[in-house]
Amino acid sequence: MGPPQTRRRWHATAVSLAFAAREGATSFCRNGLMSVAAVLMIFVTLLAFGAAILVLQNLHRVAAAAEEQVLAVAYLRDGLNTRQRTNLANRLRGVDGVATVRFVSRAEALRRLEQSLGGRVNVRDVVRANPLPDSMEIHPERPGDLPAIAEAARAVAGVADVVAGEEITGRIDAAARFVRLAGGVAAAVLALVAIIVILNTLRLTIVARRTDIEIMRLVGATASFVRRPFFVEGMIQGGVAAMAAVVSLGAAYWLFVTRATAAWPFLRLVPAAEAMPVVAIALVVVGLAVGALGTAISVARFLRTR
Amino acid sequence: MPMIELESVSKRYATGIQALNDVTLSVEDGEFVFVVGPTGTGKSTLLRLLYAEELPTSGVVRVHGRPVDARHDHDVSALRRSLGVVFQDFKLLPDRTVFDNVAFALRVIGSPPEWIPAQVRQALEQVGLADCERALPRQLSGGQQQKVSIARAIVNRPRIVLADEPTGNLDPDTSWDIMKVLSRINLHGTTLIVTTHNKTIVDVLRRRVVELAGGQIVRDERRGRYASDLN
């Protein structure tokens, strides 16, 4: 137990914090319409921000998937036996910059084609014999090495043709970089817009309450004491809006992913369970922080002595 | 030691308006002072300087013998806790009861919650509103609202009460009622400074009268009237 002065100070702090929490919560309820308007405004803004994060996550996945697709396919001549195919694979593995070489039989190629069509088309109903050749999938260590690898693979005996899509590969590489950069910039701009909109919304709620602030100051409340209830109220507004945005966005995204992947199986969307934790943390942090800081900044202008 | 002192105080607003010009004034403990004069002569500015809502452009303002220092937030708060301020427009919180409006003044200065009810009821009794504590301001007359404002000003038992046109919005009978309440507070030893345009009240009560004109004190009489006897 500390000396009486310390105890008194602790008691005063506890009383002041209790007042701030009670006043903040009471004001939130008492200013019903204003609180609802502020929460709605923050909710809509956070919804847009959260949607941007979801889009960014999916773009990131598309870019990563596109980079994984950077490979050269060496189609083999018909009639090669197992030993010849093994020798050919070994020669390809010896080419500079090659990471992996994998044999894909014509049967496997056909199966993949049917899978990519959603299993709804049986190719054998269309053509009697499998028209696809055996092939080797060559993955480069770096996407930039692909043109040289393709050139070297073309010279290997037993290779009929090499499709590397050098031009497309270059474009994928550039597009992936652009998508990441543009997505990042868009999310940052949206975050900034969200912060500005929330600050302005909170400023309006504070302007409507300037009499409260004036009276608090006139009866001798310190600036920090005046700020605290508004700080709590701002956090409640931001927190409620963020939580509502997380729940709505989570439900909408889950529904979207479920329906979209059912309709278009080739879509590789980030599952809701994987995407939403990041969104939830971002929205709650932005909602609480901007709510609290926004009110503190807005209140400050009413606390100045002229 | 004077309760309130202004030493060569001038106040010029950013707009260029010279509200006060070289004002020197001293008010003793327990005095009742009327500040009179036409609109725009600096009466409200004088009060605002006393509760540090404004800072003087030059000169020194002292309250309780200490210079008013608005540079530090804690000094301003400490000063305002030692004063009660009453306004023409009452400045009540419309969505709170009479009790809560008065208690607000104690809550925001961190008074122990267990002290608050007794102090609020005592202040309401002093202004004659003991039976209205659950009412909202809009359910009260103008005079009753002003009494709530006075109760809020005295609930912290300040030694000085400043009233800026406390009867400005009230009819004559209600104005008298308010002045009786303020006089009672002064009888308990509280120093009172009241700005007013109410000639009758000033002439009947015959208290100290300080007249401002053009931002300067042009008359200071111990038991004065609203207008100078020379006029």
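Author: We begin with conventions, then turn to the sheet and the interface.

Author: This is a predicted model, in which local features need pLDDT of at least 70, side-chain atom pairs count only at pLDDT 80 or more, and totals for chains, interfaces and linings use all residues. Residues are numbered from 1 along each chain as its sequence is written, while chains are lettered from A and ligands numbered from 1 in the order in which they are written.

Reader: In what order do the six strands of the open sheet in chain B lie?

Author: Strands (E, at least two residues) and helices (H or I, at least four) are DSSP runs numbered from the N terminus, and two strands pair if DSSP finds at least two bridges between them. Here the order is β6-β7-β8-β3-β9-β10 in chain B, with mixed pairing. At the edges, β6 (83-87) and β10 (216-221) of chain B each pair on one side only.

Reader: How many bridges join β3 to β8 of chain B?

Author: Four bridges link β3 (residues 32-36) to β8 (residues 191-195) in chain B, and these strands run parallel. Phe32(B) of this model has Leu192(B) in β8(B) as its bridge partner.

Reader: Which residues and elements of chain B meet chain A?

Author: Contact requires C-beta atoms, placed from the backbone, within 7 Å. By that criterion, 23 residues of chain B touch 19 residues of chain A. The elements of chain B giving two or more residues to this side are α2 (73-81) and α3 (98-107); α2(B) supplies the largest share, six residues.

Terms used. Contact = placed C-beta atoms within 7 Å.
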